[in-house]
Amino acid sequence: MTSLPPRAGRRCHNAVNPLHSTVYFSPDYAKELAGIGVEDASAAYFAGRAAAMGAVGPGTVAATFYNFNHELIARHLPAVWETAPPATVLAARLRGVDATLRRLLGDDAVASDEMAEAARLALRATEACTRHARPLYAAHADLPVPEEPHLAYWHAATLLREHRGDGHLAALLSAGLDPLEALVSHTATGKGMSPRWILASRGWRRTDWEAASGRLRERGLLTADGELTEAGTALRAELEEHTDRLDLAPYEHLGAAAVERLTELARGFLMTAAAAGAFPADLTGKG
């Protein structure tokens, strides 16, 4: 039993997580990574997100990121660590985060009491996160918490993101969805990344996409025109419910009132960031 309203943790995650994600679409992040010699966009993404785990190879990243083609990862890892070791990448990433949040939110919001409050609440939630079977979360949990509130908030958002994400991978495995089937079925909900962005960023080919769609059709999860069947809709709903159950602890620890307050604060920051152009206009959708 939980004392939280239904899906309160998911709503909070959906408000907090996107501000973390702004960095991967940010010219400030690209500039900082290029400044240490990592100019390729895919290499910058893999390095920035994986650096907390150390100088890992493509197998570790394929396992923990789940939905990227191993061939794409192997083009950049482990070679990227010869250009910039993990500690250098992490420092550049934090500089990119600082510049990104100041540009998107403004210096007043960055220095506001609301930002400091959001950081305190988000960090409190992370106190109940667990390391076992959560490699990306565990690696980031070993990093120091930045002193400045907006960076501490981003750090906490990262911890909450990777904690839920690690659990979601367990749910995907339980549902029997391979990396591309997971992407195709999520896109079919209308809430996932568009096929154009997936094919451009995840290293898959159109033939791979069609093959995954075919496997989903064979399982009765996808219609001939790419829509979810009733069974497919139910599977995606259960995936999120399963993920919610695995990710309940931080929000139970925070408590209903504080979860509601963190959601409110996070939505305010997210709306400001989105209005400032934080995300590509065609990032999500079925087209």
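The secondary structure of the chain, in this predicted model, comes to 17 helices and 0 strands, where helices (H or I, at least four residues) and strands (E, at least two) are DSSP runs numbered from the N terminus. The radius of gyration, taken over C-alpha atoms, is 19 Å, close to the 19 Å that the globule rule (2.2 Å times the number of residues to the power 0.38) gives for 287 residues, so the chain is as compact as a globular protein of that length. Along the principal axes, the C-alpha atoms fill a box of roughly 55 × 50 × 35 Å.

Residues are numbered from 1 along each chain as its sequence is written. Local features need pLDDT of at least 70 and side-chain atom pairs count only at pLDDT 80 or more, whereas totals for chains, interfaces and linings use all residues, and side-chain values use heavy atoms, with hydrogens and water left out.

Of the 287 residues in the chain, 54% are buried, a term that stands for under 20% relative accessible area, with exposed meaning over 50% and partly exposed in between (1.4 Å probe, protein chains only). Among the contacts (heavy atoms within 4.5 Å) with a separation of 6 or more, 77% are accounted for by residues 24 or more positions apart.

With a disulfide taken as a pair of cysteine sulfur atoms within 2.5 Å, the count comes to 0 disulfides. The sulfur of cysteine 12 lies 11 Å from the closest cysteine sulfur, that of cysteine 129, which is too far for a bond. Cysteine 12 counts as buried at 0% relative accessibility, and cysteine 129 likewise counts as buried, at 11%.

Glutamate 252, found in helix H16 (residues 249-254), is partly exposed, with a relative accessible area of 25%. Between glutamate 252 and glycine 57, the sequence separation is 195 residues and the distance in space, C-alpha to C-alpha, is 36 Å.
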